[in-house]
Amino acid sequence: MTSKAPSPGNWEDGEKDPEFKPLDREEAVRWRSAQPGLSAWRVVGVQLLVGLIAGALGWVFTQRASVGFSVLYGAASVVIPTALMAWGVTSSALSRQAAGHVISAFMSFVLWEGIKLLLSVAMLWSAPRIVPDLNWLALLAGLVVVLKVYWFGFWIQTRR
């Protein structure tokens, strides 16, 4: 029996691998300048703005302050941990030490993502004690609306 496995230089459909050509310094600089940059702090700022607008709309449409505060708390349970993670990944002493080391930078990201997740869960768990007359549906709406800022930002970046 003969093996039908593709040869190392061929794809399964029979086309050859394109030749890999590393970029020189000038080409890499041109490529980086053509790629859109997105600041973590810009995402946090937009999340904060969207959360404030959503809280105000919740208050205006229902004429109940408890709904507005519930929406704001749901938004805050995303914005505050995201801001902490943005600081940790970009400005903390740990991030300065990890700069230039891929594995260290990745581990720093994983650490701050874990802290972000734990803080979000802790904020949601403590919501009934912090927000008087908590409306869980409004809290969930604020949380989801602010989480969608990531996707909206990604969509805007792909349009450019």
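Me: Angles under 35 degrees count as roughly parallel, over 145 as roughly antiparallel, 65 to 115 as roughly perpendicular, and the rest as oblique. Why are α2 and α3 called roughly antiparallel?

Reply: This is a predicted model, where local features need pLDDT of at least 70, side-chain atom pairs need 80 or more, and totals for chains, interfaces and linings use all residues. Residues are numbered from 1 along each chain as its sequence is written, and side-chain values use heavy atoms, without hydrogens or water. Now the angle: the axes of α2 and α3 cross at roughly 175 degrees and come within 8 Å. The angle is over 145, so the pair is roughly antiparallel. Their contact has 17 nonpolar, 8 polar and no charged residues.

Me: What makes α3 roughly antiparallel to α5?

Reply: Their axes cross at roughly 160 degrees and come within 9 Å. That is also over 145, so α3 is roughly antiparallel to α5. Contact means heavy atoms within 4.5 Å. Among the residues making the contact are Y73, I80 and W87 of α3, and F109, W112 and L119 of α5. The contact divides into 14 nonpolar, 5 polar and 2 charged residues.

Me: How do you know which residues line the second largest pocket?

Reply: Lining residues have an atom within 4 Å of a pocket point. A pocket is an open set of points on a 1 Å grid where a 1.4 Å probe fits, with protein on both sides within 12 Å along at least five of seven lines. The lining includes V43, M85, F109 and Y150. By class, it has 8 nonpolar, 2 polar and 2 charged residues.

Me: Which helix gives the largest share of this lining?

Reply: α3 does, with 5 residues. α2 (40-62), α3 (65-90) and α5 (102-125) each supply at least two. About 190 Å³ of space lies in this pocket.

Technical notes. Points joined across faces, edges and corners; volume = space filled by probe spheres on them. Helix = DSSP H or I, 4+ residues; strand = E, 2+ residues; numbered from the N terminus. Nonpolar A, V, L, I, M, F, W, Y, C, P; charged D, E, K, R; others polar. Axes fitted to C-alpha atoms, helices over the stretch in contact; angles between N-to-C directions.
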